[in-house]
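This briefing is intended for a reader who is new to the structure shown below. Please view the sequence and the model together before reading on.

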Amino acid sequence: MATLRRDGRLTALHLTAPLELLTVWRSGHLGTCRRGLREAGRSLCRTEGVRALWKGNLTACLRLCPYSALQLAASRRLVILFTDELGRISHWRAIMVGSLSGMVATIVTYPTDVIKTRLIVQNRLEPSYEGILHAFYKIYHQEGFRALYRGVSPAILGAVPFSAGSFSVYISLDKIWREPIVHFTPLQNFINGCVAAAVAQTLSFPFETVKRKMQAQSPWLPHYGGVDVHFTGMADCFRQTVKNKGVLGLWRGLTPSLLKIVPYFGVMFTTFEFCKRVCLYRNGYIESPLNYKLTPGVDQSLQPQELREFLRRENFEPRKSTLEN
């Protein structure tokens, strides 16, 4: 399962790499880009070729494995800390676990994100960096170790509105659909994931914009990294962006970002809910993985181990998922 999940995410990275690159362009890191999404893509293809749409994608793919491993390891440790005496964890605490584990993985692997941005903003025909290792070496020796973590503050702070946005949507789902969450269909779960991602990404996107600008800006790059404003830190970047581009300038590049992240979260949310149903069915809590109809005569407050012992005493045969056949 882990291999399939990793392969699926790698495929998604390959397919959505042009959207990631256009997000950087439209965010204003290449200050001459004032046209729409389609024209920005055409202009890049004309000047640097179609392969330019996948600049920095190799770095993103190499970053995926350590990022996922660190996130999973941190999540397992944090779940233990946030679990109550009964072994349960609330929705809010679960979201906190996800946010904190994401922060840990982001901080450790952040230099690769900086390198990816630098490879994206450079001209492929006249490159400042010849590859990932050369970029790492050059940034470290020219700008120092701190340059590899430039923009990490807005990256961490952006996790707060992202988590708050996704949580606010999640707790409002039953009111939106006017029915309990347990009755949602796969289509409803897909829509829920898309809406939650759209709201969360929109709320946190100003931090993403500032992060990319801070990553790209460098006195060692042509045109100072191609950023459309010059600044001395995170707060000054916010201030200069609003001063020169207006408040909406903080959301410039949101469209390609939403096109990338919204369907991804929709599929992820649907898969999570289905896997949760399969686990509940395998442990005897519900009658079928296709719905949340409770198993008659089963105390839903029992822990999985307690429920298995109860079913064994009642001479129930252990269930096997049809997915194994």
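The points that follow concern confidence and salt bridges.

This is a predicted model, in which local features need a pLDDT of at least 70 and side-chain atom pairs count only at pLDDT 80 or more, while totals for chains, interfaces and linings use all residues. Residues are numbered from 1 along each chain as its sequence is written, and side-chain values use heavy atoms, with hydrogens and water left out.

**Confidence**

- The mean pLDDT of the chain (the predictor's confidence in each residue, from 0 to 100) is 81, and 83% of the residues reach at least 70.
- Helix α5 (residues 132-143) has the highest confidence in the chain, at 95, whereas helix α1 (residues 2-29) has the lowest, at a mean of 64. Helices are DSSP runs of H or I with at least four residues, and strands are runs of E with at least two, numbered from the N terminus.
- The pLDDT falls below 50 over residues 321-325, a stretch that has five contacts in the model beyond near neighbours in sequence; a contact means heavy atoms within 4.5 Å.
- Where pLDDT is low, the predicted coordinates should not be read in detail.

**Salt bridges**

- Side chains of opposite charge can pair when their charged atoms come close.
- The structure contains 13 salt bridges, each defined as a side-chain nitrogen of Lys or Arg within 4 Å of a carboxyl oxygen of Asp or Glu.
- Glutamate 48 pairs with lysine 55 in a salt bridge whose closest N and O atoms are 3.1 Å apart.
- Lysine 116 forms a salt bridge with glutamate 20, with 3.2 Å between the closest N and O atoms. This pair links distant parts of the chain, as lysine 116 belongs to helix α4 (residues 91-121) and glutamate 20 to helix α1, 96 residues apart.
- Aspartate 113 forms a salt bridge with arginine 212, the closest N and O atoms again being 3.2 Å apart. Aspartate 113 is in helix α4 and arginine 212 in helix α9 (residues 186-216), so this pair ties together parts that lie 99 residues apart in sequence.
- A network of salt bridges links Glu20, Asp113, Lys116, Glu208, Lys211, Arg212 and Lys260.

**Burial of the paired residues**

- Buried means under 20% relative accessible area, exposed means over 50%, and partly exposed lies in between (1.4 Å probe, protein chains only).
- Glutamate 48 counts as buried at 8% relative accessibility, and lysine 55 counts as buried at 10%.
- Lysine 116 is buried at 10% relative accessibility, as is glutamate 20 at 14%.
- Aspartate 113 is buried at 4% relative accessibility, and arginine 212 is buried with a relative accessible area of 5%.
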